[in-house]
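Please walk me through this structure, feature by feature. I would like the general idea each time, then the case at hand.

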Amino acid sequence: MNITINEELRSFIDPLTANEYAALERSLLAEGCRDALVLWNDVLIDGHNRYEICQKHHIAFKTVQNATFASLDDVMLWMIDNHLARRSVSDYQRGVLALRKKDIVAARVAQRAAEPEAAQAAPDAAKAPESPPWNTREDVAKAARVSSNTISQIERIQKAATPQLVEAVRSGTISINAAANVASLPESVQIAAVAGGRKELQQAARQVREQKASSRPPKEPPADAEADLRAQVATLREKVDALGAENQALRERLAALGESAA
């Protein structure tokens, strides 16, 4: 069987960690390859790790064809949707995949808009995806099943994080939120923090948060809130004055009783 490995597709999805790969290898050795590998013509599009392990240990496997794709972009979109549906994919990986899908869809829409009207009307013209629109961070977050804030943090990591920091968040050594903070530091500091381990990363993230908090101007209370506070203070003062007058009256009565007794 002639199976072609497209390196662009192979690297499109994050590789398994060493532990994940070892667990898959044990499973295949014990149970065989139960799920068929998916091909697009002779190109492998799903099951790269299973194929590699099966080849290594001479484990039999089955294949199934998916001939519905018109382009490599179609294959990539299918791969993304396939991985987004898996429960084992982390929040960070889902966010990265959803952002990749947004880029592909946006490029398709732009390309289609630039085509002449005749080409767009042709029966065999590739149609730009219509649903979801994928034009807002909320669309991406919904597909990735994370918050919009998490997507924003992943974007910051992708733009500024060193490969070492990306691997740390991908492997779960540091949270997405903490990694987004550490990514704002110089590259040398990021690399040193990753080398120092989880505690060093957490400390670096904490320092960034504290610096951000100290640089923010103090919030001024709204005018209405300030007026309410003044009214409360005035009321309390009136109560204090009233209690003081009552205490003074009691003292005078006690003094009068003492004089009459004498």
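Predicted model: local features only at pLDDT ≥ 70, side-chain atom pairs only at ≥ 80, totals over all residues.

Q: How many helices and strands does the protein chain have?
A: Helices (H or I, at least four residues) and strands (E, at least two) are DSSP runs, numbered from the N terminus. Here the protein chain has 13 helices and three strands.

Q: What share of the residues counts as buried?
A: Buried means under 20% relative accessible area, exposed means over 50%, and partly exposed lies in between (1.4 Å probe, protein chains only). Of the 262 residues of the protein chain, 32% count as buried.

Q: Among contacts between residues at least 6 apart in sequence, what percentage joins residues at least 24 apart?
A: Contact means heavy atoms within 4.5 Å. Among those contacts in the protein chain, 66% join residues at least 24 apart.

Q: At what angle do H2 and H3 pack?
A: Axes are lines fitted to C-alpha atoms, for helices over the stretch in contact, and angles run from 0 to 180 degrees between N-to-C directions. Helix H2 (residues 18-31) packs on helix H3 (residues 48-57) at about 55°. Their axes are 10 Å apart. Angles under 35 degrees count as roughly parallel, over 145 as roughly antiparallel, 65 to 115 as roughly perpendicular, and the rest as oblique. H2 and H3 are therefore oblique to each other.

Q: What is the hand of the crossing of H2 and H3?
A: A crossing is left-handed if the near helix is turned anticlockwise from the far one by less than a right angle, and right-handed if clockwise. H2 passes H3 in a right-handed crossing.

Q: Which residues of H2 and H3 meet?
A: From H2 come Tyr 21, Leu 24, Glu 25, Leu 28 and Leu 29. From H3 come Asn 49, Arg 50, Glu 52, Ile 53, Lys 56 and His 57. By class, the contact of H2 with H3 has five nonpolar, two polar and four charged residues. Ala, Val, Leu, Ile, Met, Phe, Trp, Tyr, Cys and Pro count as nonpolar, Asp, Glu, Lys and Arg as charged, and the others, Gly among them, as polar.
An α-helix has 3.6 residues a turn, so residues three or four places apart point the same way.

Q: How do H9 and H11 pack?
A: Helix H9 (residues 163-170) and helix H11 (residues 187-196) pack at about 40°, with axes 8 Å apart. H9 and H11 are therefore oblique. H9 passes H11 in a left-handed crossing. Gln 164, Leu 165 and Ala 168 in H9 meet Gln 190, Ile 191 and Val 194 in H11. The contact of H9 with H11 has four nonpolar, two polar and no charged residues.

Q: Where does Ala 183 lie, and is Ala 183 buried or exposed?
A: Ala 183 sits in the loop between helix H10 (176-182) and H11. Its relative accessible area is 5%, so Ala 183 is buried. Ala 160 is 23 residues away in sequence, yet the C-alpha atoms of Ala 183 and Ala 160 are 5.5 Å apart. Beyond four places in sequence, the contacts of Ala 183 include Arg 156, Ile 157 and Leu 165.

Q: Which partners do the side chains of Asp 46 and Lys 101 have?
A: A polar contact is a pair of N or O atoms within 3.5 Å; within protein, one must be able to donate a hydrogen and the other to accept it, and residues adjacent in sequence count only if both atoms are side-chain atoms. Asp 46 is in strand S2 (residues 43-46) and is buried, at 9% relative accessible area. The side chain of Asp 46 makes a polar contact of 3.3 Å with the side chain of Arg 50. Lys 101 is in helix H5 and counts as buried, at 10% relative accessibility. The side chains of Lys 101 and Asp 81 are joined by a polar contact of 2.7 Å.

Q: Which residues of H7 are buried, and what follows H7?
A: In helix H7 (residues 137-144), Asp 139, Val 140, Ala 141 and Ala 144 are buried. They pack against helix H4 (72-84), helix H5 (91-114) and helix H8 (148-160). Arg 145 follows H7. Arg 145 is not a glycine, but has a positive phi of about 60°. Arg 145 is partly exposed, at 47%.

Definitions and conventions. Residues numbered from 1 in each chain as written. Heavy atoms only, no water.
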